[in-house]
Amino acid sequence: MLKNNFIVVKFNKKYFFIFLILIFLSTIFVFRDYIDAFKPKVFLYSTVVIDPGHGGIDPGTSYNKLLEKDINLDVSLRIKKVLENKITNVIMTREGDVSLENKSTLNSSRYKKDLHARKNIIDKNKADLFISIHTNSNPDYIADRGVMIFYYKNSSKSKYLAKKLAKSIDENVYKKFLKSNIKTRVLPQNFYVLRETTSPGVLIEIGFITNSYDRKLLKSKEYKKQIAMAIRNGILDYINELDDSKIQIVDSY
Ligand SMILES: [Zn+2]
């Protein structure tokens, strides 16, 4: 009897110990968000301007009811959302369906005034970098597809940013998410917003509205989420490598 009792106690102890471990692990799992909230948050002390192309009276390119201005804004707001946890200052040139010509004092066409207003927002905020988000179109060659990133040829920082973003999009969106060998194209370009601004920046065409494969992606929430995250990672990579002193720890309590 004694021997049997001993075996029973030993048997229970073993399972009791496993039970304790399981309780401990599940407690960590349940309270993981709470535990995270008590960690100091690390922000990069930096100003990033996100510029969703077109808006309001100017729809940009379109395919049936699919409008470039809406895609640009959707992706830009997603970038803002995921960037705000990491960057101290994230500014949008527009957060709604509006054009910006009334924010410019330039005596010129509506189109030029709109671009001038965007340049002013970037310059006045002394942005460490900016990204303009657009959607591409090639009705003469509908097979054309993929992300394109443009930078101004005289700005080495812009070129460097373009390459960081392309690397992140290729790895996170094309390779991991879409299992595709397609590569982001990085090219110099003489666009107003790239040429006239003092801050480094790029214009990203996030896909071709005229290509059926890309169009499906541009309508997909998951693609927009993935590309926003990839752009965010590219931006963080660029800032981290460029200047370590920008790191700032902000207590969350
Ligand atoms: Zn555009």
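This is a short chat about the fold in the predicted model above.

Me: What should I know about numbering and confidence?
Reply: Residues are numbered from 1 along each chain as its sequence is written. The model is predicted: local features need pLDDT of at least 70, side-chain atom pairs count only at pLDDT 80 or more, and totals for chains, interfaces and linings use all residues.

Me: How many helices and strands does the protein have?
Reply: There are 8 helices and 9 strands. Both are DSSP runs, numbered from the N terminus: helices are H or I with at least four residues, strands are E with at least two.

Me: What share of the residues is buried?
Reply: 36% of the 253 residues. Buried means 20 or more other C-beta atoms within 10 Å of the residue's own; exposed means 12 or fewer, and partly exposed is in between, with C-beta atoms placed from the backbone.

Me: And the contacts, how much do residues 24 or more positions apart account for?
Reply: 77% of the contacts with a separation of 6 or more. A contact means C-beta atoms, placed from the backbone, within 7 Å.

Me: Switching to strand S5. Is it buried or exposed?
Reply: Buried. 8 of the 8 residues in S5 (residues 129-136) are buried, so the strand is largely enclosed by the rest of the structure. Leu-129, Ile-131, Ile-133 and Thr-135 are on one side. Phe-130, Ser-132, His-134 and Asn-136 are on the other.

Me: Which strands pair with S5?
Reply: Strand S1 (residues 41-52) pairs with S5 in the parallel sense over 5 bridges. Strand S8 (residues 201-208) and S5 also pair in the parallel sense, over 6 bridges. Pairing takes at least two DSSP bridges between the strands.

Me: Which residues stand opposite each other?
Reply: Ile-50 stands opposite Ile-131 in S5. On the S8 side, Asn-136 has Phe-208 as its bridge partner.

Me: Now H5. Where is the kink centred?
Reply: On Asp-170, with a kink of about 30°. The bend at a residue is the angle between axes fitted to the seven residues ending there and the seven starting there.

Me: What about the span of H5?
Reply: The 22 residues of H5 (residues 156-177) should span 32 Å at 1.5 Å a residue, and the end C-alpha atoms are 30 Å apart, which agrees. The expected span is 1.5 Å times one less than the number of residues.

Me: What do the buried residues of H5 pack against?
Reply: S5, strand S6 (148-151), strand S7 (185-188), helix H6 (192-195), S8 and helix H8 (221-242). Among the buried ones are Leu-161, Leu-165, Ile-169 and Val-173.

Me: How do S6 and S7 run?
Reply: Parallel, joined by 4 bridges. The chain goes from S6 through H5 to S7 in a right-handed β-α-β crossover. Right-handed means that, with the strands pointing away from the viewer, the path from the first strand over the helix to the second runs clockwise.

Me: What is the phi of Lys-179?
Reply: Positive, about 50°, although Lys-179 is not a glycine. The residue sits in the loop between H5 and S7. With 7 C-beta neighbours inside 10 Å, Lys-179 counts as exposed.

Me: And Lys-126, where does that lie?
Reply: In the loop between helix H4 (110-124) and S5. Lys-126 has a positive phi of about 45° and is not a glycine either. Lys-126 is exposed, with 11 other C-beta atoms within 10 Å.

Technical notes: Two residues are in contact if their C-beta atoms, placed from the backbone, lie within 7 Å.
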